[in-house]
Amino acid sequence: MFICEVCDSRVLRIVLKPFELASNYGKCAKCGLLQNLGQIQPSKIEGLNFDNYLLAQDEVFEKSRRLTVLFQLEKLLTQNSLELSVFDIGTGSGHFLLDAQQKGFAVSGSELSHTAASIVKKEFGFVIHVMNYEELGFTDCQASVTMFCVLAHSVNPESLLRSIHTSLTNGGVLYFHTPRYCLIDSLGITLARLSMGRLDHLFLRRIGGDHKRIYSRKSLMKLLEKSGFSEFEMKAEIGYGLKKEKYFTAIGLPKNLSILIALVLNIFSRLKLLPRNVFTVYATKRN
Ligand SMILES: [Zn+2]
């Protein structure tokens, strides 16, 4: 029997293809957390195809999201009489730190990929810690910490969030976003079940591979509370950070059709008619 990593309740397995690794997913009966139940080794993160990931990113969307986060952080830190400084966990391409520095923030960060960290050092001159945040041992010193889609990849989200809580100074702010369980996931699970596992592409795009979990509101609130945060604002938002046509070419549709579907979806996105697929969270530490 599998146990939910957030609330310790029973996890109902989602059977896709019997006897294959892909069948190892489950949804918590109590808090609604969707989990990839397979074990992941931290070293596998180094194997992410960094270059392809960068090419697939929707840079216009990402830039506007980064600026929104910096605007909010500046507001919250000023309210709490804290200096403008940010530690970004999972720095990736380094563009967030670059934008933050240009807005007057003191910046630092960590990353698990040596490749990514060395590119950031070469391009922007930032020295990135290549290790888990927990191992850095920060206590009561950070004004703000950010994570762009890191929690879904983390080997142990609770210990990560606890260490962030410990590292923040009183009034310090954690920002992160992470995938939210939404209509796309229900649709993906239904398609996979009805087709006896043959049409599992949509489901696996959401949680196969590197995403370990997708949160429901209840499960994410519970996790934040367990990790020491009592004051937070959690919003369900539309946030598709990758170019949409890449999703469809990746699941085997022809390129022209993929571009057409992506075009239609972009219009829906502007009209705010797409499923709200991410949670954005601002959590404040209060002693
Ligand atoms: Zn649960």
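Predicted model: local features only at pLDDT ≥ 70, side-chain atom pairs only at ≥ 80, totals over all residues.
**Confidence**

The mean pLDDT of the protein is 86, and 87% of the residues reach 70 or more. Strand β4 (residues 85–89) has the highest confidence, at 98, whereas helix α1 (residues 50–56) has the lowest, at a mean of 50. The pLDDT is below 50 over residues 41–53, a stretch that makes 13 contacts in the model beyond near neighbours in sequence.

**The six-stranded sheet**

An open sheet of 6 strands has the order β5-β4-β6-β7-β10-β9, with mixed pairing. From one strand to the next the twist averages 15°.

Within this order, strand β6 (residues 142–148) pairs with strand β7 (residues 168–179) in the parallel sense, over 6 bridges. Phe 148 stands opposite His 177 in β7.

Two helices are described in relation to these strands. Helix α2 (residues 59–79) lies across β4, β6, β7 and β10 (278–284), and runs at about 160° to β7. Helix α8 (residues 217–226) packs on the sheet and touches β9 and β10, its direction making about 155° with that of β9.

**The four-stranded sheet**

Another open sheet consists of 4 strands in the order β1-β2-β3-β8, and its pairing is antiparallel. Here β1 (11–14) and β8 (213–214) are the edge strands, each pairing on one side only. Between β1 and strand β2 (residues 25–28) there are 4 bridges in the antiparallel sense. Lys 27 in β2 is the bridge partner of Leu 12.

| Strand pair | Sense | Bridges |
|---|---|---|
| β6 and β7 | parallel | 6 bridges |
| β1 and β2 | antiparallel | 4 bridges |

**Helix α6**

Helix α6 (residues 183–194) has 12 residues, which at 1.5 Å a residue should span 16 Å; its end C-alpha atoms are 16 Å apart, in agreement with that expectation. Which residues of α6 are buried? They are Asp 185, Gly 188, Ile 189 and Ala 192. Viewed down the helix axis, the buried residues of α6 fall within an arc of 95°, so they line one face of the helix.

On the face turned away from the buried side, α6 carries the exposed residues Leu 183, Ser 186 and Leu 194. Just after α6, Met 196 adopts a positive phi of about 55°.

**Phe 176**

Phe 176 is found in strand β7. Is Phe 176 buried or exposed? Phe 176 has 26 other C-beta atoms within 10 Å, and because the cut-off for burial is 20 or more, this residue is buried. Leaving aside neighbours within four places in sequence, Phe 176 is in contact with Thr 146, Met 147, Val 150, Leu 151 and Val 281. Phe 176 and Ala 283 are separated by 107 residues in sequence, while their C-alpha atoms are 8.7 Å apart in space.

Terms used:
Residues numbered from 1 in each chain as written. pLDDT = per-residue confidence, 0-100. Contact = placed C-beta atoms within 7 Å. Pairing = 2+ DSSP bridges. Axes fitted to C-alpha atoms, helices over the stretch in contact; angles between N-to-C directions. Expected span 1.5 Å × (residues − 1). Buried ≥ 20, exposed ≤ 12 C-beta atoms within 10 Å, placed from the backbone. Arc of directions from axis to C-beta.
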